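Please look over the sequence and the model first.

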Amino acid sequence: MGTQAVTDGLVIRDYNVGEADRFLTLLTRKYGAIRASARGARRIKSGVSTGTQLLCHADFTLFKGREKYIIDEATPLTLFMGIRAELEKLALAQYFCELEDFLAPKEEEAELFLRLILNALALLEAGKHPSMQIKAAFEMRLLAISGYMPDLVACAGCGTYEADGMVLLPRSGVFLCASCAAREQVSPGECTALSRGALAALRHTAYADFARLFSFSLPEQTLKSFAAASEQYLLATLERSFQTLEFYHSLFVDR
């Protein structure tokens with residue numbers, strides 16, 4: 001049938017095929033994002049039914065064919081049932097999955113990518129951190145490990161480390177102090193305002209040790225500034241929109 005592969009991974013995308021099969025995208029530790037077929041997974045008595053559901057973290061035994069992987073075994077490790085029970089959390093988790101599907105390496109080791117989303121999902125399920133904070137931290141660190149780290153060391157114009165009135169230029173991935181932004185005639189539509197706290201949060205999520213990535217707290221307005229900067233930088237850098245992000249935002253339209 002092909003070469004056997006054993007790894008843990010997270011189901012980040014799934015859709016039904018035929019009467020009983022599933023076709024999946026798995027974010028695996030050893031092989032990155034891969035496409036895999038789960039034959040008969042929708043049958044009640046299937047041995048891989050639970051382990052091949054969206055957002056399930058499982059140990060997989062796979063066989064690699066010429067065009068795709070075939071799942072032979074799927075032993076669930078974490079189901080994230082608390083996320084599935086709340087629409088907002090589920091929508092945000094699906095956004096994380098879509099980002100990983102777009103950015104994670106294919107057919108190569110993806111330890112950091114898998115670790116990042118598993119940690120983010122665990123915190124989202126626990127509900128002890130604001131969802132906005134988890135989202136922004138996830139976006140910034142995912143961009144950083146994907147090779148899109150912004151230059152947050154100092155003002156790109158004069159080298160100022162920190163000051164009031166700084167702005168982020170999402171398209172170029174640099175920030176400017178108020179004086180340099182005025183001198184270069186940066187328009188409001190080209191930049192995102194950064195408070196000192198928001199800039200510190202951007203630096204933390206881009207540069208901090210992984211174990212400390214989500215370990216911080218911010219006042220509400222600072223958190224909103226940080227989240228806006230993170231999202232705008234991501235969308236400008238990747239030059240595309242994401243349906244899951246649009247759906248997530250639609251849940252807050254009437255609030």
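This is a predicted model: local features need pLDDT of at least 70, side-chain atom pairs count only at pLDDT 80 or more; totals for chains, interfaces and linings use all residues.

Residues are numbered from 1 along each chain as its sequence is written, and side-chain values use heavy atoms, with hydrogens and water left out.

**Helix H2**

- Helix H2 covers residues 87-103, which is 17 residues; helices (H or I, at least four residues) are DSSP runs numbered from the N terminus.
- From its first C-alpha to its last, H2 reaches 24 Å, close to the 24 Å expected at 1.5 Å a residue, where the expected span is 1.5 Å times one less than the number of residues.
- Buried means under 20% relative accessible area, exposed over 50%, and partly exposed in between, with a 1.4 Å probe and protein chains only.

**Aromatic rings**

- The whole structure has eight aromatic pairs. Rings of Phe, Tyr and Trp (its six-membered ring) pair if their centres lie within 6.5 Å; planes under 30 degrees apart count as stacked, over 60 as edge-to-face and the rest as tilted.
- Tyr95 and Phe242 form an edge-to-face pair, because their ring centres are 6.3 Å apart and their planes lie at 75 degrees.
- This pair links distant parts of the chain, 147 residues apart: Tyr95 is in helix H2, and Phe242 is in the loop between helix H7 (220-238) and helix H8 (243-250).
- Both Tyr95 and Phe242 are buried.
- Tyr248 and Phe252 are also edge-to-face, with centres 5.1 Å apart and planes at 70 degrees. Tyr248 is buried at 8% relative accessible area, whereas Phe252 is partly exposed at 29%.
- A cluster linked by ring pairs holds Tyr95, Phe96, Phe102, Phe138 and Phe242.

**Charges over rings**

- The charged end of Arg240 sits over the ring of Phe102, 4.8 Å from its centre. The criterion is NZ of Lys or CZ of Arg within 6 Å of the ring centre and within 35 degrees of the ring normal.
- The charged end of Arg203 sits over the ring of Tyr161, 3.7 Å from its centre.

**Cysteines**

- There are zero disulfides in the structure, a disulfide being a pair of cysteine sulfur atoms within 2.5 Å.
- The closest cysteine sulfur to that of Cys56 is in Cys97, 12 Å away and too far for a bond. Cys56 is buried, with a relative accessible area of 0%.
- For Cys191 the closest cysteine sulfur is in Cys177, 12 Å away, which is also too far for a bond.

Terms used. Helices (H or I, at least four residues) and strands (E, at least two) are DSSP runs, numbered from the N terminus.
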